[in-house]
Amino acid sequence: MLLNFAHVFDTVGFIPNGLRIYFSNSRSQPPYFPQMVDLYYSYTGDDDFLRSMVPYILKEIEYFEDSGNHDTTTGLFHYKAIKTGYPRPESYLEDIETSEEYYGDVSFDEDISHERYKEEYYHLASGAESGVDFSTRWYVDRKNDPPLDITEMDTSYTFTGGALAVDLNSLLHKNLTLVAGYCEKFTDLCDAALYSSRADDLKQQMIKYLVAKGPDNLKRFCDYDMDAGAVFDQCHTGFYPTGLTPFVYDVFDSDNVYVDFDSMRGADWDASVSGVPTSAYKSADVAYAEQWDGDNVWAPFHWMYVTALEKANRHADALNEATKWVQSVYCGWIQTDSFFEKYDATVLGLPGGGGEYGVQVGFGWTNGLTLRLLFDFGSEMT
């Protein structure tokens, strides 16, 4: 798999959002490649292979630096699909309909060239680049006519391209730290001091721009709205597991002032029998049910939460959340002979819902997380 991705770097220059042709000039994947290499190296200790991968790791880091994802005003990064001026090919009709919902209908001859629609297409594609497509996490009321609460908005209010995303910046900080270590090992390939300095600078900018106060007046990490010059409003009132990524990816220690698990939990948290809800906003409370919101439990975010709990020395809580996930996956498999890409937060084994498409049967990250949790916690599960 890593060699295949290296070939993609050689062919395309970056890892695109998919390997269909139209992705090669439109949007990337979140930058996980350096950590994939590091995980492989941690098991094999293969120095020759690691050395061969360092140039590709540098390509991934520099892609996000040079492709427009880097906001020079703040020094932070945002998901930024290339502005093609067109809907996403895989969701062509959906993007037109979403734009009509926000801006009002225009004639078919105009709808793919209308300047306002181009902006909507850009934010929707940037949401897809983030992997979180879609969520109340990205909602911004850009019209303000009349002003809307987060619970009254829908997908058309997506503003991903204008968000300095806490998870993306945490990932990139981790990558810079990793590559600094590789540069120390292979001094002829790169400058360790340069990448270490870039990691330190990014950390300081994250503290400056991405920290805000939650509902209990305790500090937490949030996405930053570049237009408003402030963190997203919903971060003050709701929980998103991505706020824990600075601890998951070792930007900060787990006992740092910027994390408080209990203040992030919703009042009905314990009603979630399948794992960690993807946000504090459930379909019953909002105008439109997004798939990356509170009704659903997703493997990547559940892994983030369990990992953060372990790093905070809250093993009993981590075990409890790990057990919830495995029980739900097992119950779903017993009932349907299938694994699913996401699960209902409140019913064991029930596949999740919401969003642009039906739930997918069989999914790599569900398989991977289940195996990981069984490996880490299986002997303690009951």
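Here is a short walk through the nonpolar cores and the disulfides of this predicted model.

Let's begin on the inside. In soluble globular proteins, nonpolar side chains tend to be buried together. In this model, the largest nonpolar core has 85 residues, and Phe-33, Tyr-195, Leu-210, Trp-325 and Leu-373 are those with the most contacts inside it.

Leaving aside residues up to four places away in sequence, Tyr-195 touches Leu-58, Ile-61, Glu-62, Leu-176, Val-179, Ala-180, Cys-183 and Cys-190. Cys-183 and Cys-190 are both buried.

The count of disulfides comes to two, so let's turn to the other: Cys-222 is joined to Cys-235, with an S to S distance of 1.7 Å. This link is left-handed too, with -65° about the S-S bond. The pair links distant parts of the chain, 13 residues apart: Cys-222 sits in the loop between strand E5 (219-221) and strand E6 (224-225), while Cys-235 belongs to helix H9 (residues 234-237). Both of these cysteines, Cys-222 and Cys-235, are buried. With the bonded cysteines numbered in sequence order, the pairing reads 1-2, 3-4.

One more cysteine deserves a look. Is Cys-331 buried or partly exposed? Cys-331 counts as partly exposed because its relative accessibility is 22%, and buried would require under 20%.

Key: Residues are numbered from 1 along each chain as its sequence is written. This is a predicted model: local features need pLDDT of at least 70, side-chain atom pairs count only at pLDDT 80 or more; totals for chains, interfaces and linings use all residues. Side-chain values use heavy atoms; hydrogens and water are left out. A nonpolar core is a set of buried Ala, Val, Leu, Ile, Met, Phe, Trp, Tyr and Cys residues joined through side-chain atoms within 4.5 Å. Buried means under 20% relative accessible area, exposed over 50%, partly exposed in between (1.4 Å probe, protein chains only). Contact means heavy atoms within 4.5 Å. A disulfide is a pair of cysteine sulfur atoms within 2.5 Å. Helices (H or I, at least four residues) and strands (E, at least two) are DSSP runs, numbered from the N terminus.
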